[in-house]
Amino acid sequence: MDRIVIEGGRPLKGAVHVGGAKNAALPMLASALLTDGWNTFTNVPALRDIESIKLLLSHLGAAVEGGPGTVRINAAGLNNSEAPYDLVRKMRASILVLGPLVARLKRARVSLPGGCAIGARPINVHLKALSDMGADLELVDGYVEATAKVLRGTELFLDVPTVTGTENILMAAVMAQGRTVIRNAAREPEVVALADTLNQMGAKITGAGTSVITIEGVSSLTPVSVSVIPDRIEAGTFMVAAALTRGDVLVKGSDPSHQNALMDKLSRAGAKISLEKDGIRVCGEAPVVGVDVKTLPYPGFPTDMQAQFMVLMSVAKGQSLICETVFENRFIHVSELRRMGADITVSGNTAAVKGVPALSGAPVMATDLRASASLVLAGLAAKGKTEIQRVYHLDRGYEHLEEKFAHLGASIQRVKG
Ligand code: EPU
């Protein structure tokens with residue numbers, strides 16, 4: 001298994017370009033199941049999760065070509081309605097084929113994703129919505145089996161504003177009979193990216209990006225050529241790294257309007273942020289000060305940036321409280337950060353972080369995607385050598401991460417094997 005070895009303590013300097021967003025690309029690629037011809041997706045990142053969804057779409061009978069960069073998908077041959085356990089267990093987001101399969105084939109058999117390191121992650125909201133739209137659902141041998149003679153638009157209120165749940169409902173509703181209204185919908189930019197893609201296919205969706213989305217069903221959709229939006233979490237990870245290493249980094253290609261919560265916290269902590277023509281510049285000349293953070297659905301502070309921000313707070317002046325409200329077990333990085341000298345105490349869903357003057361390098365273990373990113377950041381800031389094991393988690397969601405950090409002046413390398 002590959003390892004990442006970092007010699008910490010160098011300020012990051014220069015410019016870095018963010019890639020396409022994993023969490024936008026996944027539903028966009030799944031939406032190709034709703035059409036009959038060749039769809040072209042550009043700016044698709046080179047990630048393990050993208051390979052997983054491509055494999056799943058081919059398994060379902062779609063023709064999948066190309067990538068990374070440009071991926072072409074033609075679902076004219078869609079003939080299989082089963083997403084098997086072996087593919088779903090590799091990536092929970094495989095559940096994103098449920099909505100399009102029911103819309104297109106009127107049946108689906110999708111393995112239940114189960115929990116993961118960060119929480120139980122139920123899909124009850126996805127299932128309730130499909131049932132309200134007229135699908136019959138049964139749980140059999142760990143699979144959700146859905147059939148629908150016809151899907152009917154209806155009024156839906158989501159108990160939680162789930163991101164992939166909202167995306168599944170959008171894909172189920174675009175060709176349903178009549179109007180679907182989703183209240184308490186997720187407002188994430190990735191949901192908007194999917195709605196834009198579906199609208200280009202001929203769907204009639206309004207309100208994406210707000211908590212009330214209205215979908216007027218249409219009888220069919222046509223293929224599209226679309227580009228994946230930039231990854232706001234990758235961008236945010238570089239922004240935090242700049243402040244943390246007291247560097248000066250221009251994060252290019254990121255949409256600043258997606259970063260309001262992070263930019264607010266970073267500037268309150270003392271980092272200098274400027275919006276330039278081609279990106280967001282973050283300078284971290286002085287040590288930052290502790291600020292409190294609470295994760296929330298968009299536009300609140302993203303749970304996917306919590307672990308990285310905690311590293312910054314662990315070397316801040318003073319104390320900060322970091323409250324995780326989205327996932328129930330998203331502090332698994334804490335014990336590894338403590339091994340690097342961080343002073344963090346967890347009580348329930350809140351971590352009290354007392355800033356220390358510096359972290360020290362150590363051998364550490366990656367546990368999930370964003371926790372792994374936080375360990376890379378900790379290694380970049382720490383004195384001495386950090387060796388991160390199990391970096392396959394990182395490869396699920398960060399494209400060429402070590403090359404990008406090395407380009408900014410970090411001493412970081414991947415050791416194969
Ligand atoms: N939830 C329910 N019932 C449901 C669905 C969700 O109770 O039916 C709960 C979850 O257990 C969680 C909360 O609602 O407590 C939010 O979960 P959500 O469904 O919004 O998460 P998701 O759609 O499974 C996406 C991203 C995650 C990101 C979350 C929150 C994708 C493929 N994944 O997951 O990304 O953390 O939204 O923003 O879009 C990552 O990229 O590392 C990652 C985990």
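How many nonpolar, polar and charged residues does the shell around the ligand have? By class, the counts are 9 nonpolar, 6 polar and 6 charged. Nonpolar here covers Ala, Val, Leu, Ile, Met, Phe, Trp, Tyr, Cys and Pro; charged covers Asp, Glu, Lys and Arg; the others, Gly among them, count as polar.

Some ground rules. This is a predicted model, in which local features need pLDDT of at least 70 and side-chain atom pairs count only at pLDDT 80 or more, while totals for chains, interfaces and linings use all residues. Residues are numbered from 1 along each chain as its sequence is written, and side-chain values use heavy atoms, with hydrogens and water left out.

I'll start with the ligand. It is surrounded by 21 residues, and the closest are Asn124, Thr162, Thr164, Asp304 and Val326.

The side chain of Thr162 has an N or O atom 2.6 Å from a ligand oxygen. For the side chain of Lys22, the corresponding distance to an oxygen atom of the ligand is 2.9 Å. Pro122 uses a backbone N or O atom, 3.3 Å from an oxygen of the ligand. The ligand alone exposes 830 Å², of which the protein buries 87%. Those accessible areas come from the Shrake-Rupley method with a 1.4 Å probe; for residues, only the protein chains shown count as cover.

Which elements give two or more residues to this shell? They are α1 (22-31), α5 (124-132), α6 (163-173) and α12 (369-381). The most come from α5, with 3 residues. Helices (H or I, at least four residues) and strands (E, at least two) are DSSP runs, numbered from the N terminus.

Now the domains. The protein is divided into domain 1 (3-19 + 230-415) and domain 2 (22-227), with bounds from an automatic or database domain assignment. Both give residues to the shell, so the ligand lies between them. Their centres, taken over C-alpha atoms, are 31 Å apart. Domain 1 puts 23 residues into the contact and domain 2 puts in 18, where contact means heavy atoms within 4.5 Å.

Together the domains bury about 1,800 Å², 53% of it on carbon and sulfur atoms. Buried area is the accessible area (1.4 Å probe) that two parts lose on being put together, summed over both. Of the area domain 1 buries against domain 2, Tyr298, Arg396 and Glu399 supply 32%.

Tyr298 also has a backbone feature: a cis peptide bond joins it to Pro299, with omega about 10°.

Notes
A residue is near a molecule or strand if one of its heavy atoms lies within 4 Å of it. A polar contact is a pair of N or O atoms within 3.5 Å; within protein, one must be able to donate a hydrogen and the other to accept it, and residues adjacent in sequence count only if both atoms are side-chain atoms.
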